[in-house]
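Biologist: I would like to learn how to read a protein model, one feature at a time. Could we begin with the picture itself and then work through it together?

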Amino acid sequence: METSSVSKLVLLLLFWSALWVVESSVTYDRKAILINGQRRILFSGSIHYPRSTPDMWEDLIQKAKEGGIDVIETYVFWNVHEPSPGNYNFQGRYDLVRFVKTIQKAGLYAHLRIGPYVCAEWNFGKLSSVVFN
């Protein structure tokens, strides 16, 4: 695996995540997570954005919220975001920024599992083909 490819992808993800920062205070008091001074128990559910279309995301996220979910968890599917070295894809169903902004719009938290490995019945654990060449 080429280190510069991984570095570029990580920097790209960090840059995008900086755009979604919502000011809040998060601490822990040995009993629970405190968000803005209030104890919270967060319930998480998974939605894998590449397995649905962007038109479906808002409805899926809203249904999760109505079911009591506070956090939408998803893997970041590296093999679709960098199908070949230096070739990045964040379009259509792979638009991670749009997906996270949709979560934010619903008033939920996002938990990104950056990887590089995905344990979600995904070919090669979603490791980019770059790793195998």
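Biologist: Which residues does F99 touch, not counting residues up to four places away in sequence?

Modeller: Contact means that heavy atoms lie within 4.5 Å. By that rule, and with residues up to four places away in sequence not counted, F99 touches I47, Y49, W57, I61, I72 and T74. Please keep in mind that this is a predicted model, in which local features need pLDDT of at least 70 and side-chain atom pairs count only at pLDDT 80 or more, while totals for chains, interfaces and linings use all residues. Residues are numbered from 1 along each chain as its sequence is written, and side-chain values use heavy atoms, with hydrogens and water left out.

Biologist: What is the mean pLDDT of the protein chain?

Modeller: The term pLDDT stands for the predictor's confidence in each residue, from 0 to 100. The mean for the protein chain is 81, and 72% of its residues reach 70 or more. Among the elements, helix α1 (residues 3–19) has the lowest mean pLDDT, 52, whereas α2 has the highest, 98.

Biologist: How many helices and strands are there in the protein chain?

Modeller: Helices (H or I, at least four residues) and strands (E, at least two) are DSSP runs, and they are numbered from the N terminus. The protein chain has five helices and six strands, and along the sequence they follow the pattern α-β-β-β-β-α-β-α-α-β-α.

Biologist: Which residues of the largest nonpolar core touch the most other members?

Modeller: A nonpolar core is a set of buried Ala, Val, Leu, Ile, Met, Phe, Trp, Tyr and Cys residues joined through side-chain atoms within 4.5 Å. Buried means under 20% relative accessible area, exposed over 50%, and partly exposed in between, with a 1.4 Å probe and protein chains only. The largest such core here holds 19 residues, of which Y49, I61, I72 and F99 touch the most other members. Two or more of its residues come from each of α2 (54–66), β5 (71–75) and α4 (96–105), and α4 gives the most, with four residues.

Biologist: Which residues of α4 are buried, and what follows this helix?

Modeller: The buried residues of α4 are L96, V97, F99, V100, T102 and I103. After the helix comes G107, whose phi is positive, near 80°.

Biologist: In what order do the strands of the parallel sheet stand?

Modeller: Two strands pair if DSSP finds at least two bridges between them. The open sheet with parallel pairing has three strands in the order β4-β5-β6, and its edge strands, β4 (44–46) and β6 (109–113), each pair on one side only. Neighbouring strands of this sheet are turned by 30° against each other on average, with direction ignored. Three bridges join β4 to β5, and S44 stands opposite V71 in β5.

Biologist: How does α4 run relative to β6?

Modeller: Axes are lines fitted to C-alpha atoms, for helices over the stretch in contact, and angles run from 0 to 180 degrees between N-to-C directions. With that convention, α4 lies across β5 and β6 and runs at about 145° to β6.

Biologist: Is E73 buried or exposed?

Modeller: E73, which is found in strand β5, is buried, with a relative accessible area of 6%. Leaving aside neighbours within four places in sequence, E73 is in contact with S44, G45, S46, I47, H111 and R113.

Biologist: What is the strand order in the antiparallel sheet?

Modeller: That open sheet of three strands has the order β1-β2-β3. The strands β1 (26–28) and β3 (38–40) stand at the edges, each with a single partner strand, so one side of each is left without a neighbour in the sheet. The twist averages 40° from one strand to the next. Three bridges join β1 to β2 (residues 33–35), and T27 stands opposite L34 in β2.

Biologist: Where is R30, and where is N36?

Modeller: R30 has its place in the loop between β1 and β2, and N36 lies in the loop between β2 and β3. R30 has a positive phi of about 70° although it is not a glycine, and R30 is exposed, with a relative accessible area of 76%. Phi of N36 is also positive, near 50°, again in a residue other than glycine.
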